Amino acid sequence: MRAFAYERPTDLADALGLLADQGSDARLLAGGTDLIIRIRDGSIRPRTVVDIKGVAELERGIREVDGYLSIGARSVMTDLLRDERIRRDYAALAEAAAVVGAVQIRNRATLAGNICNASPAADTAPALLVYGARVVATGASGNRTIPIDAFFVRSGVTTLAPGELVSAVELPLPSGPRGAIHVRRTRRRGHDLASVTLACLIEPGGITRLSYGSVGPRPILAVDETGVLADRSAPDDAKTDRLAALLADAAPSPTSMRASPEYRLAMLRVLGLRAIRRAIERLA
Amino acid sequence: MTTRRIELTVNGRARAIDVLPHHTLLEVLRDDVGLTGTKECCLVGECGACTVLVDDVSVDSCLMLGVEADGASITTVEGLAMGERLHPLQQAFLDTGAAQCCFCIPGQLVSAAALLAGIPHPTRAEIEEGLAGNLCRCAGYEQIIEAVAAAATAGDQTDGASAPHAGLPAVGDRASTPDAELAPQ
Amino acid sequence: MTLVGSSPARVGGVERVTGRQAYVADIDLEDTLHVKLVTLDVARARIGAIDTIAACDVPGVRLVMTSSDLPSPMPRFGPQRRDRPVLAVDETKYHGDPVAAVAADSRDAAEEAARLVRVEFEELPALHTLAAALAPDAPLVQDPALRPNDPQAASNVLHEHRHSWGDPDVAEREADVVVEGTYTFPMVTQFAIEPHAFMAAPDGDGIAIWSAIQHPNWLQRVIADLLQLPLAKVRVHAPDPGGAFGGKQHAKYEPLLAFMALATSRPVKLVLSLEETFQAVRRGAAEVHVRTGFRRDGTLVFRDLAADYLIGAYADIADRTVAKGSYTSMGPYRCPAVRIVARSVLSHTVPSTAFRGFGNPQQIWAVESNMNEAARELGIDPLELRLRNLAGPGEEFIPGDTPADGDWSVAVRRAAEMIDWESPRPPGRGRGIAVGLKSGPTTGLSYSTVRLLVDGSVVVYAGTSDMGQGARTIFAQIAADELGAPIEWVTVVSGDTTVVPYDQQTSASRSSVFMGTAVLRACQDIQAKVRSMAARLESVDESSIGVERGDVRIGDRVLPIRDVVARGLGRLGGEIIGVGEMRKDAEPDHPLGGTAAFYEFNCTAVEVEVDRETGDISIPRYVTVSDVGKALNPLQVRGQDEGAAAMGLGHTLMEQYIWDDAGRIRNLGAIDYRIPTSMDLPLETQSDIVENADGPGPYGAKGMSEGALLPVAPAVAEAVADATGAVIRDLPLSPERVWRALQEVREPGEAAR
């Protein structure tokens, strides 16, 4: 691996100062499960790696704040899986976190890092999208929140401004019961990158929030307010047209080696219907 | 290149060493500490041959910098046995024939130790899940799974790498397809 | 208690589970230089000027070696043909073919310098498919000058192998049904968890090599030949490999390291990355066209098979895998008329080499799938079709070769019983069955020396590489039994050509049979000496003394061998040395150069469930049964069979190299080259063995370790066809491929959904 300098600031101001000074020559290190791979393969060549795990203001914790469940920047996938509230109220996120790599990866990979990489195949992204999460971006001028749907731009690109970092990911607290699920397609049962990743959330009022990734440059959120998809008495056949409309933004890469566009699109429909069915069951 | 002094505990022994910032924990353990039981294979966090415990949590040491381990307590495969007395997992791996070429086995053992620390009596599905990040190309998975189950039954997880982790919820239903629901409840 | 047939703790097991086992990468010599290969990110290129100035300026760099630093003409080597250069010269032949190598004080410096080597090159069209390599206007992969007196030197066909008996064209008239198909098998890689590692160091007036190598003595010859040294001046250390699977049989970068060690006068070490191992070893891809004729009752009438194997840019041992793999394309069946034509086709890809199964899995995928298609067409149960045609014990099913050395129907019936073949399929599930046959070693030579020390402990010298199969344990069991020592008192020494007697190779599942016999004979040599000793001590005639296992019988008395030895050796102590040899000479008139020492036979039966919407296959039940003659160590036998099964599921379900149009490997590395994890196993695996003590090895053992991999793919594909009606002739059976096949078998109206 190429050499770089290592900084481990202990407070936020220092961390932000390093980002401000070095710009894109500095890279933040949280879990490192993506960063180190990319440094080793030469796709990024940071001059300085800024380890944020010593920053006092950045938490490794999950707590309720003003109507939101706030997941600190240093929280790893395993933390999400262990959290009773996430398992109970954000089942799709727990399920997504459970398939991010194998155990050793989940013990290191942070949720914040996962979204900052903005991989189109990131499993947590569709879950965050259906739950209407927001990202707390912290910069020199303080905090701002970005709706998760406005955060992703394309692979590796977010609306985070230069000099900003993600200090938390926040999920609105549930106002009532809902059924949600995360599903995916992979090439094997063991850990793998998803060729389709999809989350579905159904509310008692009949609103269906569907989000899907790995079928285009960024994960997509589509909402059905017609009640057609959430209709528990309607057969799958009655939902296919509406579902197709919701999935219309999918545009899988024709050059991916993991699956062809036809297969991804077909699986998107299959997974969509399955997820809706199971989400309805869970709502019950 | 400037080194950085780190202090860490490796298999119970406190050490202070100078490491280069871009060297991974795997390199530090193998080259600087001289513990070569931890193996290098894929270097992308897929194979688990480099698995060690950092403060009782299993990680791929190829994806962690050595400098990040400053202040940490590391357990490698060399730290599982108590002197000449094998850890129950090590004995079980020998008893079930799970130890073939053994290049993956240090990682398997460390992952298994972490698994049993969190779930003392795992189901087969939990063992499969817990060891999915450790590839074995001799593909002795059946005997490895048996070994972990046997060590769990042997029960005496008092030495070595035990850690007081809450058990994780069962994830992954082997009877189902990969896209199937992963029930966290 | 006899140890043979039981499963004592693995010899070396404690070292292996405690992390103390030293693999090549773990060995640290003083003053070692670290080597990094310089490669181009193209497949085929004309190499221009190489500028090493910047690389040489990196602190700590001691050598940047290019082809111009090597003797001219470039030294070449290879187990079949001397076609592989020590470093690429003039042209790179495949993605990863090294053009230079750096040696430096640290890995960091070597990597940094390797990045700074500037290579001018011109990319050239590369061939990575059979169609492209066989096109009339295809560029030649190998310079015809490397193939003197070869009539096919102006093509990319390296060799065509023909083997036949009877006349299929005539026999075809007798056939009621002819079943025909073309089947493809992709390129896959060994993916040993230990990436290949090599060291070389000047050693007095010779050289020492360390390599995770299966054939240390073969490597010794290669190095001696390249450096023009006597064999005795080339010392090959072969620490136990961390998995090999055929990929570590033959020299790869040891010659390069030898030249670098001599150039720097220092030890040099190269540990490949996993990516580099993908660029060093693989299995040959194949396209196999099969036509098989049957009578209405299922009796085989003829088979006509044409196989093209896509091998790499250098021959390595690939052409032998083609010859030997295709030779048994009739399988374990009796058939009066057979024609087999198999070609090794060169391409601009990673040189293919030995890989568990050695050319057989490719054709077995084809012919056993063909048998299953025939069963459906004939309306005969696939189990019944096999039993009807299976050669019986002693039957010469391949004319001129070793007759069937087992009652293979026993294994087939056992597998069928274990999967409950006759019971109705659970709803939605399908079952499949297939068999695999492989010819064992055709020649072989193993020597062993055994020393019985004065206290009754034993040192066994056996040059087999213990790469996970547990060879040391087998030899220790044999010696312990024969010489009456506890197994803990037996030390097995291997992996050093200066110390350990010659062994031809660790391959073809031979070691229990060949080296096992050599060890047994060395022990018997000791027993004979003990008999003489006892006769002298007791002043009786030798004929009245029996030495069996660890006991010396003198009339009615039974004495432990060690008591006799201690007494016989007397006050000076000493030891008794026994030597043993197992030899199977070449038979020049045989198409393979020799008949089969034994056959490996396996029957695999599976039950699968297919997700019809996604194409995903799950395997609720998996059965594998091997005919092993005698299980010397049942636990290790089980590990080999179940491991082979799981490895076979890899190429069946998920593994393959993916290439870009320019011939570069796209899925280079563990993220996109998928192998099975612990979650990808069948839900339930049952393995069993047939033991009739009918093998040529010690106590009736046959070789085993590859058999259980052979029929995995056709058994699974048949179960998929049984469950869904989708017949698939290409591997792997990825979800997407199965899904596509399901689209085709659906009713048109349904497919539109």
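This is a predicted model: local features need pLDDT of at least 70, side-chain atom pairs count only at pLDDT 80 or more; totals for chains, interfaces and linings use all residues.
Angles under 35 degrees count as roughly parallel, over 145 as roughly antiparallel, 65 to 115 as roughly perpendicular, and the rest as oblique. Keep that scale handy for the exercises below.

Residues are numbered from 1 along each chain as its sequence is written, while chains are lettered from A and ligands numbered from 1 in the order in which they are written.

**Exercise 1.** Work out how α16(C) and α17(C) are oriented to each other.

*Solution.* Start with the axes, which are lines fitted to C-alpha atoms, for helices over the stretch in contact, with angles running from 0 to 180 degrees between N-to-C directions. The axes of α16(C) and α17(C) (residues 712-724) come within 8 Å and cross at roughly 60 degrees. The two helices are therefore oblique to each other. Helices here are DSSP runs of H or I with at least four residues, strands are runs of E with at least two, and both are numbered from the N terminus.

Next, find the residues in contact, meaning that their C-beta atoms, placed from the backbone, lie within 7 Å. C:Ala645, C:Gly648, C:Leu649, C:His651 and C:Thr652 of α16(C) meet C:Val712, C:Ala713 and C:Val716 of α17(C). By class, these are five nonpolar, three polar and no charged residues. Ala, Val, Leu, Ile, Met, Phe, Trp, Tyr, Cys and Pro count as nonpolar, Asp, Glu, Lys and Arg as charged, and the others, Gly among them, as polar.

**Exercise 2.** Find what α16(C) gives to the side of chain C that touches chain B.

*Solution.* First, the contact takes 47 residues from chain C and 47 from chain B. On the side of chain C, the elements giving two or more residues are α1 (13-18) and α16 (634-653). Of these, α16(C) gives the most, with eight residues.

Definitions and conventions: Two residues are in contact if their C-beta atoms, placed from the backbone, lie within 7 Å.
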